[in-house]
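Please refer to the sequence and structure shown here while reading.

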Amino acid sequence: MIQLAKPTADDADIQAVVEVLRAGQWASGPVVGAFEQEFAATVGVKHGVAVSNGTVAIHAALLAAGVGRGDLVLTTPFTFIATTNSIMHAGARPVFADVDEDTFVIDPESVRQLVRKMRVKAILIVHIFGQSCDMDAICDIANEAGIPVIEDCAQAHGAEWRGRSVGTFGFGATYSFYATKNLACGEGGMFTTNDDSAADYVRSLINHGRSGQYDHALVGYNYRMSSLHAALGRTQLQKLPAGNRRRREIANRYRQEIRPAFIQHPKSDERATHVYHQYTIRVASRDRLQAHLRRLEVASNVVYPRLSYQQPAYSDCDTDQLSCPKAEKIVSEVLSIPVHAALTDAEVARVIEACNSFSP
Ligand SMILES: Cc1ncc(COP(=O)(O)O)c(C=O)c1O
(Lines give C-alpha, C1' and ligand atoms only; values in the text may rest on other atoms or scores of the structure.)
Protein backbone atom coordinates (compact mmCIF):
# COMPACT_ATOMS: atom_id res chain seq x y z
CA MET A 1 0.00 0.00 0.00
CA ILE A 2 1.34 3.47 -0.84
CA GLN A 3 1.03 5.32 2.45
CA LEU A 4 -0.43 8.78 2.94
CA ALA A 5 2.39 9.80 5.23
CA LYS A 6 5.64 8.20 6.29
CA PRO A 7 7.95 9.64 8.94
CA THR A 8 11.54 8.63 8.25
CA ALA A 9 14.61 8.67 10.50
CA ASP A 10 18.18 8.45 9.21
CA ASP A 11 21.40 7.81 11.13
CA ALA A 12 21.68 11.48 12.19
CA ASP A 13 18.19 11.37 13.76
CA ILE A 14 18.93 8.12 15.55
CA GLN A 15 22.30 9.32 16.80
CA ALA A 16 20.82 12.56 18.13
CA VAL A 17 18.22 10.69 20.19
CA VAL A 18 20.76 8.13 21.38
CA GLU A 19 23.06 10.94 22.53
CA VAL A 20 20.28 12.33 24.74
CA LEU A 21 19.53 8.86 26.09
CA ARG A 22 23.21 8.38 26.96
CA ALA A 23 23.61 11.87 28.42
CA GLY A 24 20.79 11.17 30.86
CA GLN A 25 18.94 14.50 30.73
CA TRP A 26 15.71 13.22 29.20
CA ALA A 27 13.30 15.92 30.36
CA SER A 28 13.56 19.56 29.30
CA GLY A 29 17.11 20.97 29.12
CA PRO A 30 19.65 22.60 26.81
CA VAL A 31 18.67 20.44 23.82
CA VAL A 32 15.14 21.85 24.05
CA GLY A 33 16.59 25.37 24.28
CA ALA A 34 18.70 24.75 21.18
CA PHE A 35 15.67 23.48 19.24
CA GLU A 36 13.67 26.55 20.29
CA GLN A 37 16.39 28.90 19.05
CA GLU A 38 16.96 27.07 15.78
CA PHE A 39 13.26 26.82 15.03
CA ALA A 40 12.60 30.49 15.83
CA ALA A 41 15.54 31.50 13.63
CA THR A 42 14.16 29.40 10.76
CA VAL A 43 10.74 31.03 11.05
CA GLY A 44 12.33 34.46 11.48
CA VAL A 45 10.93 35.39 14.91
CA LYS A 46 12.54 36.28 18.24
CA HIS A 47 11.16 33.54 20.46
CA GLY A 48 10.24 29.88 20.30
CA VAL A 49 8.79 28.02 23.26
CA ALA A 50 8.73 24.24 22.77
CA VAL A 51 5.71 22.38 24.11
CA SER A 52 4.39 18.84 24.18
CA ASN A 53 2.05 19.14 21.16
CA GLY A 54 0.35 21.57 18.81
CA THR A 55 -2.96 21.58 20.67
CA VAL A 56 -1.48 22.92 23.89
CA ALA A 57 0.57 25.41 21.88
CA ILE A 58 -2.72 26.95 20.67
CA HIS A 59 -4.18 26.87 24.18
CA ALA A 60 -1.14 28.71 25.54
CA ALA A 61 -1.17 31.21 22.66
CA LEU A 62 -4.84 32.03 23.27
CA LEU A 63 -4.22 32.60 26.98
CA ALA A 64 -1.21 34.77 26.13
CA ALA A 65 -3.44 36.83 23.84
CA GLY A 66 -5.73 37.48 26.80
CA VAL A 67 -8.50 35.11 25.72
CA GLY A 68 -10.56 33.87 28.64
CA ARG A 69 -13.95 32.68 29.81
CA GLY A 70 -16.84 33.77 27.61
CA ASP A 71 -14.69 35.41 24.92
CA LEU A 72 -15.34 34.84 21.23
CA VAL A 73 -12.55 33.56 19.02
CA LEU A 74 -13.04 33.70 15.28
CA THR A 75 -11.74 30.67 13.37
CA THR A 76 -12.32 28.27 10.48
CA PRO A 77 -14.54 25.20 10.85
CA PHE A 78 -12.49 23.36 8.20
CA THR A 79 -9.55 22.21 10.31
CA PHE A 80 -8.45 19.47 12.64
CA ILE A 81 -10.62 19.55 15.75
CA ALA A 82 -7.62 20.58 17.91
CA THR A 83 -7.96 24.17 16.66
CA THR A 84 -11.50 24.46 18.00
CA ASN A 85 -10.89 22.35 21.09
CA SER A 86 -8.13 24.74 22.17
CA ILE A 87 -10.61 27.61 22.07
CA MET A 88 -12.93 25.60 24.33
CA HIS A 89 -10.03 24.74 26.67
CA ALA A 90 -9.42 28.47 27.10
CA GLY A 91 -13.05 28.82 28.24
CA ALA A 92 -13.91 30.79 25.10
CA ARG A 93 -16.38 30.09 22.30
CA PRO A 94 -15.60 29.65 18.60
CA VAL A 95 -17.20 31.79 15.93
CA PHE A 96 -16.86 30.27 12.49
CA ALA A 97 -15.99 32.11 9.28
CA ASP A 98 -16.48 30.41 5.93
CA VAL A 99 -13.58 29.32 3.72
CA ASP A 100 -12.45 29.90 0.16
CA GLU A 101 -13.71 26.91 -1.84
CA ASP A 102 -10.64 26.65 -4.06
CA THR A 103 -7.80 27.16 -1.59
CA PHE A 104 -9.59 25.82 1.55
CA VAL A 105 -8.25 28.66 3.74
CA ILE A 106 -10.41 31.10 5.70
CA ASP A 107 -12.26 33.64 3.55
CA PRO A 108 -11.25 37.21 4.53
CA GLU A 109 -14.64 38.57 3.48
CA SER A 110 -16.41 36.24 5.89
CA VAL A 111 -13.91 37.26 8.61
CA ARG A 112 -14.57 40.95 7.90
CA GLN A 113 -18.33 40.55 8.22
CA LEU A 114 -18.10 38.66 11.51
CA VAL A 115 -15.60 41.09 13.01
CA ARG A 116 -18.03 43.91 12.21
CA LYS A 117 -20.95 42.02 13.75
CA MET A 118 -19.43 40.51 16.90
CA ARG A 119 -17.07 41.35 19.74
CA VAL A 120 -14.27 39.03 18.68
CA LYS A 121 -11.35 38.76 21.12
CA ALA A 122 -8.88 37.01 18.80
CA ILE A 123 -8.65 35.61 15.27
CA LEU A 124 -7.23 32.09 15.05
CA ILE A 125 -6.44 31.30 11.43
CA VAL A 126 -5.17 27.99 10.04
CA HIS A 127 -2.77 27.68 7.11
CA ILE A 128 -4.57 24.53 6.12
CA PHE A 129 -2.86 21.71 4.19
CA GLY A 130 0.30 23.85 3.90
CA GLN A 131 -1.15 26.89 2.16
CA SER A 132 -0.96 30.35 3.68
CA CYS A 133 -4.15 32.31 4.32
CA ASP A 134 -4.43 35.71 2.62
CA MET A 135 -2.27 37.47 5.21
CA ASP A 136 -2.60 40.92 3.58
CA ALA A 137 -6.36 40.88 4.06
CA ILE A 138 -6.34 39.16 7.47
CA CYS A 139 -3.77 41.60 8.90
CA ASP A 140 -5.69 44.59 7.52
CA ILE A 141 -8.93 43.44 9.16
CA ALA A 142 -7.24 42.60 12.46
CA ASN A 143 -5.20 45.82 12.63
CA GLU A 144 -8.22 47.94 11.83
CA ALA A 145 -10.24 46.24 14.59
CA GLY A 146 -7.29 45.99 17.04
CA ILE A 147 -7.69 42.23 17.39
CA PRO A 148 -4.70 39.87 17.80
CA VAL A 149 -4.13 37.18 15.18
CA ILE A 150 -2.83 33.74 16.08
CA GLU A 151 -1.56 31.62 13.22
CA ASP A 152 -2.11 27.87 13.53
CA CYS A 153 0.85 26.65 11.45
CA ALA A 154 0.50 22.98 12.43
CA GLN A 155 0.38 22.01 8.75
CA ALA A 156 2.52 24.78 7.31
CA HIS A 157 6.16 24.59 8.47
CA GLY A 158 8.15 26.53 5.89
CA ALA A 159 5.12 27.91 4.03
CA GLU A 160 5.27 31.54 2.93
CA TRP A 161 3.04 34.46 2.04
CA ARG A 162 4.65 36.79 -0.52
CA GLY A 163 8.05 35.30 0.34
CA ARG A 164 7.65 35.85 4.09
CA SER A 165 7.36 32.88 6.42
CA VAL A 166 3.96 32.12 7.91
CA GLY A 167 4.05 32.49 11.66
CA THR A 168 5.56 35.98 11.41
CA PHE A 169 2.38 37.95 10.73
CA GLY A 170 0.34 37.67 13.90
CA PHE A 171 0.72 38.19 17.62
CA GLY A 172 1.96 34.60 17.81
CA ALA A 173 1.97 31.31 15.98
CA THR A 174 1.71 27.66 16.87
CA TYR A 175 3.18 24.52 15.34
CA SER A 176 2.66 20.77 15.70
CA PHE A 177 5.41 18.20 15.28
CA TYR A 178 3.04 15.23 15.28
CA ALA A 179 4.47 12.19 13.47
CA THR A 180 2.93 12.92 10.06
CA LYS A 181 3.64 16.67 9.92
CA ASN A 182 6.13 18.22 7.48
CA LEU A 183 8.43 18.55 10.50
CA ALA A 184 7.84 15.69 12.92
CA CYS A 185 9.28 14.42 16.17
CA GLY A 186 6.53 12.02 17.27
CA GLU A 187 4.58 14.43 19.44
CA GLY A 188 5.58 18.04 19.98
CA GLY A 189 4.72 21.65 19.34
CA MET A 190 6.05 25.21 19.45
CA PHE A 191 4.72 28.65 20.26
CA THR A 192 6.56 31.42 18.42
CA THR A 193 6.31 35.17 18.82
CA ASN A 194 8.17 38.47 18.56
CA ASP A 195 6.47 39.67 21.74
CA ASP A 196 8.89 39.43 24.71
CA SER A 197 6.22 39.39 27.40
CA ALA A 198 4.09 36.78 25.58
CA ALA A 199 7.17 34.54 25.31
CA ASP A 200 7.94 34.96 29.03
CA TYR A 201 4.31 34.29 29.97
CA VAL A 202 4.07 31.11 27.83
CA ARG A 203 7.45 29.86 29.06
CA SER A 204 6.14 30.05 32.61
CA LEU A 205 2.59 28.84 31.78
CA ILE A 206 3.82 25.60 30.18
CA ASN A 207 6.02 24.87 33.20
CA HIS A 208 3.42 25.00 36.00
CA GLY A 209 3.60 28.78 36.13
CA ARG A 210 7.12 28.60 37.52
CA SER A 211 9.06 31.70 38.44
CA GLY A 212 11.72 29.75 40.40
CA GLN A 213 12.35 26.08 41.16
CA TYR A 214 9.39 25.80 43.56
CA ASP A 215 7.95 29.28 43.07
CA HIS A 216 4.76 29.41 41.04
CA ALA A 217 3.51 32.80 39.92
CA LEU A 218 0.46 31.46 38.09
CA VAL A 219 -1.57 28.28 37.84
CA GLY A 220 0.09 26.72 34.84
CA TYR A 221 0.32 23.39 33.12
CA ASN A 222 2.89 20.75 32.35
CA TYR A 223 3.07 21.33 28.60
CA ARG A 224 6.86 20.86 28.39
CA MET A 225 8.73 19.12 25.59
CA SER A 226 11.23 16.36 26.42
CA SER A 227 14.86 16.51 25.26
CA LEU A 228 14.34 13.26 23.32
CA HIS A 229 11.68 14.93 21.17
CA ALA A 230 13.72 18.11 20.82
CA ALA A 231 16.77 16.15 19.63
CA LEU A 232 14.71 14.58 16.85
CA GLY A 233 13.09 17.95 16.10
CA ARG A 234 16.54 19.52 15.58
CA THR A 235 17.74 16.94 13.06
CA GLN A 236 14.38 16.86 11.28
CA LEU A 237 14.44 20.67 11.04
CA GLN A 238 17.56 20.43 8.88
CA LYS A 239 15.64 18.25 6.41
CA LEU A 240 12.55 20.47 6.26
CA PRO A 241 13.54 22.53 3.16
CA ALA A 242 14.37 19.42 1.10
CA GLY A 243 11.22 17.68 2.33
CA ASN A 244 9.05 20.65 1.35
CA ARG A 245 10.75 20.85 -2.06
CA ARG A 246 9.96 17.18 -2.66
CA ARG A 247 6.32 17.71 -1.63
CA ARG A 248 6.03 20.62 -4.08
CA GLU A 249 7.62 18.55 -6.84
CA ILE A 250 5.10 15.73 -6.27
CA ALA A 251 2.22 18.22 -6.17
CA ASN A 252 3.35 19.68 -9.51
CA ARG A 253 3.36 16.22 -11.06
CA TYR A 254 -0.13 15.48 -9.74
CA ARG A 255 -1.40 18.80 -11.07
CA GLN A 256 0.01 18.16 -14.53
CA GLU A 257 -0.49 14.42 -14.85
CA ILE A 258 -3.77 13.62 -13.06
CA ARG A 259 -6.04 14.51 -15.91
CA PRO A 260 -9.71 13.59 -15.42
CA ALA A 261 -11.83 16.73 -15.64
CA PHE A 262 -14.06 15.55 -12.78
CA ILE A 263 -11.07 15.73 -10.41
CA GLN A 264 -10.56 19.26 -9.12
CA HIS A 265 -7.02 20.03 -8.02
CA PRO A 266 -6.29 22.20 -4.99
CA LYS A 267 -5.70 25.78 -6.05
CA SER A 268 -2.39 27.22 -5.02
CA ASP A 269 -2.61 30.98 -4.46
CA GLU A 270 0.23 32.44 -6.51
CA ARG A 271 1.16 34.75 -3.64
CA ALA A 272 1.69 31.75 -1.35
CA THR A 273 4.45 29.14 -1.22
CA HIS A 274 2.44 26.00 -0.59
CA VAL A 275 4.22 23.20 1.30
CA TYR A 276 1.60 20.50 0.64
CA HIS A 277 1.10 18.91 4.01
CA GLN A 278 -1.84 17.39 2.14
CA TYR A 279 -2.64 17.16 -1.56
CA THR A 280 -6.40 17.39 -1.40
CA ILE A 281 -8.50 16.95 -4.50
CA ARG A 282 -12.23 17.47 -4.81
CA VAL A 283 -14.41 14.95 -6.57
CA ALA A 284 -18.18 14.38 -6.47
CA SER A 285 -17.83 10.57 -6.60
CA ARG A 286 -15.34 10.69 -3.74
CA ASP A 287 -16.24 7.43 -1.99
CA ARG A 288 -16.04 5.41 -5.21
CA LEU A 289 -12.68 6.97 -6.09
CA GLN A 290 -11.42 6.10 -2.63
CA ALA A 291 -12.52 2.46 -3.04
CA HIS A 292 -10.85 2.35 -6.48
CA LEU A 293 -7.57 3.68 -5.02
CA ARG A 294 -7.74 1.18 -2.17
CA ARG A 295 -8.09 -1.70 -4.66
CA LEU A 296 -4.93 -0.42 -6.37
CA GLU A 297 -3.09 -0.25 -3.04
CA VAL A 298 -3.04 3.54 -2.86
CA ALA A 299 -4.05 4.99 0.50
CA SER A 300 -6.27 8.07 0.65
CA ASN A 301 -8.08 9.88 3.42
CA VAL A 302 -11.02 12.21 3.82
CA VAL A 303 -9.49 15.23 5.49
CA TYR A 304 -11.92 16.33 6.92
CA PRO A 305 -15.25 14.49 6.76
CA ARG A 306 -17.01 17.01 9.03
CA LEU A 307 -16.62 20.63 10.01
CA SER A 308 -15.78 21.32 13.64
CA TYR A 309 -19.31 22.49 14.40
CA GLN A 310 -20.74 19.32 12.82
CA GLN A 311 -18.91 17.09 15.31
CA PRO A 312 -21.03 15.36 17.98
CA ALA A 313 -18.74 16.87 20.63
CA TYR A 314 -20.02 20.31 19.63
CA SER A 315 -23.71 19.40 19.35
CA ASP A 316 -24.73 21.16 22.55
CA CYS A 317 -22.21 23.97 22.35
CA ASP A 318 -23.46 27.47 22.05
CA THR A 319 -21.71 28.22 18.78
CA ASP A 320 -22.65 31.51 17.24
CA GLN A 321 -22.26 31.07 13.53
CA LEU A 322 -23.18 27.71 12.16
CA SER A 323 -23.63 28.47 8.51
CA CYS A 324 -20.55 28.11 6.35
CA PRO A 325 -22.03 26.88 3.06
CA LYS A 326 -18.75 26.71 1.16
CA ALA A 327 -17.04 24.73 3.90
CA GLU A 328 -20.10 22.45 4.13
CA LYS A 329 -19.83 21.68 0.42
CA ILE A 330 -16.11 20.95 0.62
CA VAL A 331 -16.37 18.27 3.29
CA SER A 332 -18.54 16.11 1.04
CA GLU A 333 -15.98 16.17 -1.79
CA VAL A 334 -12.43 16.33 -0.41
CA LEU A 335 -9.97 13.47 -0.65
CA SER A 336 -6.28 13.59 0.26
CA ILE A 337 -3.88 11.45 -1.78
CA PRO A 338 -0.32 10.53 -0.77
CA VAL A 339 2.20 13.36 -0.61
CA HIS A 340 5.33 13.10 1.50
CA ALA A 341 9.08 13.37 1.15
CA ALA A 342 9.68 9.59 1.17
CA LEU A 343 7.51 8.86 -1.91
CA THR A 344 9.56 7.45 -4.79
CA ASP A 345 9.01 8.55 -8.40
CA ALA A 346 7.62 5.07 -9.14
CA GLU A 347 5.08 5.45 -6.31
CA VAL A 348 4.08 8.91 -7.55
CA ALA A 349 3.53 7.42 -11.02
CA ARG A 350 1.34 4.68 -9.49
CA VAL A 351 -0.80 7.26 -7.66
CA ILE A 352 -1.23 9.20 -10.91
CA GLU A 353 -2.12 6.07 -12.89
CA ALA A 354 -4.58 4.99 -10.23
CA CYS A 355 -6.40 8.34 -10.37
CA ASN A 356 -6.37 8.43 -14.18
CA SER A 357 -7.83 4.90 -14.44
CA PHE A 358 -10.95 5.78 -12.43
CA SER A 359 -14.23 6.30 -14.22
CA PRO A 360 -16.97 7.82 -12.09
C1 LIG B 1 -4.47 22.41 11.93
C2 LIG B 1 -4.03 21.70 13.17
N3 LIG B 1 -4.07 22.37 14.34
C4 LIG B 1 -3.67 21.79 15.48
C5 LIG B 1 -3.19 20.49 15.50
C6 LIG B 1 -2.83 19.89 16.80
O7 LIG B 1 -1.54 19.42 16.87
P8 LIG B 1 -1.17 18.17 17.81
O9 LIG B 1 -1.74 16.95 17.17
O10 LIG B 1 0.32 18.18 17.82
O11 LIG B 1 -1.75 18.42 19.14
C12 LIG B 1 -3.10 19.78 14.29
C13 LIG B 1 -2.53 18.45 14.21
O14 LIG B 1 -2.77 17.42 14.42
C15 LIG B 1 -3.55 20.39 13.10
O16 LIG B 1 -3.52 19.75 11.95
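## Shell around the ligand

By class, the shell around the ligand comprises 5 nonpolar, 8 polar and 2 charged residues. In this scheme Ala, Val, Leu, Ile, Met, Phe, Trp, Tyr, Cys and Pro are nonpolar, Asp, Glu, Lys and Arg are charged, and the others, Gly among them, are polar. The shell numbers 15 residues, of which the closest are Gly54, Thr55, Asp152, Ser176 and Lys181; a residue counts as near if one of its heavy atoms lies within 4 Å of the molecule.

The model is predicted: local features require pLDDT of at least 70 and side-chain atom pairs pLDDT 80 or more, whereas totals for chains, interfaces and linings use all residues. Residues are numbered from 1 along each chain as its sequence is written, and side-chain values use heavy atoms, with hydrogens and water left out.

## The largest pocket

The ligand takes up the space of the largest pocket, where sitting in a pocket requires more than half of the molecule's atoms to lie within 2 Å of its grid points. Pockets are found on a 1 Å grid over the protein atoms alone, as open sets of points where a 1.4 Å probe fits, with protein on both sides within 12 Å along at least five of seven lines; lining residues have an atom within 4 Å of a point.

The volume of the largest pocket is about 630 Å³, taken as the space filled by probe spheres set on the points. Its lining consists of 30 residues, and Phe80, Tyr178, Thr180, Lys181 and His277 are the closest to its centre. Helix α3 supplies the largest share of this lining, 3 residues, and also gives the most to the ligand shell, again 3 residues. Helices are DSSP runs (H or I, at least four residues) numbered from the N terminus. The lining divides into 14 nonpolar, 12 polar and 4 charged residues.

## The second largest pocket

The second largest pocket holds about 360 Å³ of space. Among its 22 lining residues, Lys6, Pro7, Thr8, Asn182 and Gln236 are the closest to its centre. This lining has 11 nonpolar, 7 polar and 4 charged residues.

Terms used
Helix = DSSP H or I, 4+ residues; strand = E, 2+ residues; numbered from the N terminus.
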